[in-house]
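Subject: Structure for your review

Hello,

Please find the structure below. My notes follow it.

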Amino acid sequence: MSAQLIDGNALSSHWRADIAARAAELCAQGHAPGLAVIVVGDDPASAVYVRNKVRACEATGIRSVLERYPDTFTQAELLVRIAALNADPSVHGILVQMPLPRHIDPHKVIEAISQRKDVDGYSVQSAGELMTGLPGLRPCTPWGCMKLIESTGQPIAGRHAVVIGRSNTVGKPMALLLLQANASVTICHSGTPDLGLHARQADIVVVATGRRNTLRADMVKPGAVVIDVGINRREDGSLCGDVDFPSVSAVAGWITPVPGGVGPMTITMLLANTLQAAQQYALSA
Ligand code: NDP
């Protein structure tokens, strides 16, 4: 392996220590930051993600409230809970874990969350703020990816970045954040005929497809920064990303592992957003 590992756990620890110190300051001022997490249904992956988020809150002094509902919970009932949390001054961030059961429209749910508490950064207004460069709550995963890229010390401005994947939660906001940092950005997706043609030109590649081996060594420019967002399970149950790690790490300059790369930074950025929302609340209280 020639690439340097970008350690998401180490970067997270650094960020979380700072978040914990700031959370303690807010607590001392009587504004203990609070995050409400709602889970509907019994998706096993969601249970793991939510547990990790709640533990991370506890470890940084952010109060967390976990509400679990059965998959018979109706959309109307969920909207009533969100309205109550919107009105609760001790709750500064509201996260509704996706995916939701099919009878619930995720867009209606996301738009029901108060803009000031949209710590996932998924609402249309948050997307608009990102698009126009206004301050606001940024989506946790792409924001975490930016911090991982910045941690390499490699310049972003003037570099060519290729984002593989165009979801509203990862690919599109990722591309916008890179653009804001003055990279020249190409977005690829399932309709891109020759991924390698684009990826090989990239100084920075972010892969978020949910498909193993989307990025292979022959698609990577030597020395590139490679960020692997994907979470997949191998046949033996172990986790892997979207990047063929063994071959790509022989060519890239920097690379994130899975697990231990983007995952911890996604949770860290959720904590950072909750802290930011609580700080804003404290300023206006
Ligand atoms: P989506 O399924 O919403 O989007 C996947 C995107 O990848 C789509 O834009 C799709 O294109 C594109 N795509 C799929 N196959 C290919 C291919 N063969 N070549 C090029 N593009 C392709 O997924 P998400 O964006 O939500 O998540 C992506 C991955 O990241 C998943 O594995 C998810 O679990 C993981 N993830 C990890 C997080 C973390 O904290 N580590 C957080 C969030 C997600 P098209 O639009 O044309 O269909």
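Is Tyr69 buried or exposed? Tyr69 is buried, because its relative accessible area is 18%. The term "buried" means under 20% relative accessible area, "exposed" means over 50%, and "partly exposed" is in between (1.4 Å probe, protein chains only).

Some ground rules before the rest. This is a predicted model, where local features need pLDDT of at least 70, side-chain atom pairs count only at pLDDT 80 or more, and totals for chains, interfaces and linings use all residues. Residues are numbered from 1 along each chain as its sequence is written, and side-chain values use heavy atoms, with hydrogens and water left out.

Aromatic pairs

There are two aromatic pairs in the structure. Rings of Phe, Tyr and Trp (its six-membered ring) pair if their centres lie within 6.5 Å; planes under 30 degrees apart count as stacked, over 60 as edge-to-face and the rest as tilted.

Trp15 and Trp143 make an edge-to-face pair. Their centres are 6.3 Å apart, with 75° between the planes. This pair links distant parts of the chain. Trp15 is in helix α1 (residues 8-28) and Trp143 is in helix α6 (residues 140-150), 128 residues apart. Helices here are DSSP runs (H or I, at least four residues), numbered from the N terminus. Trp15 is partly exposed, because its relative accessibility is 23%. Trp143 has 16%, so Trp143 counts as buried.

Tyr69 pairs with Phe73. The ring centres are 3.9 Å apart and the planes are at 5°, so this pair is stacked. Phe73 is buried too, with a relative accessible area of 10%.

Domains

The protein chain is divided into domain 1 (30-114) and domain 2 (140-263). These bounds come from an automatic or database domain assignment. The C-alpha centres of the two domains lie 29 Å apart.

Surface patch

Val48, Tyr49 and Ile231 make a nonpolar surface patch of about 240 Å². Patch residues have over 30% relative accessible area and no salt bridge; nonpolar side chains (Val, Leu, Ile, Met, Phe, Trp, Tyr) are joined within 5 Å, like charges within 9 Å. A salt bridge is a side-chain nitrogen of Lys or Arg within 4 Å of a carboxyl oxygen of Asp or Glu. Areas come from the Shrake-Rupley method with a 1.4 Å probe. Tyr49 sits in helix α2 (residues 44-60). At 35% relative accessible area, Tyr49 is partly exposed.

Around Phe245

Phe245 lies in helix α9 (residues 245-248). Phe245 is partly exposed, with a relative accessible area of 26%. The C-alpha atoms of Phe245 and Thr256 are separated by 8.9 Å, and the two residues are 11 residues apart along the chain.

Best wishes

Definitions and conventions: Helix = DSSP H or I, 4+ residues; strand = E, 2+ residues; numbered from the N terminus.
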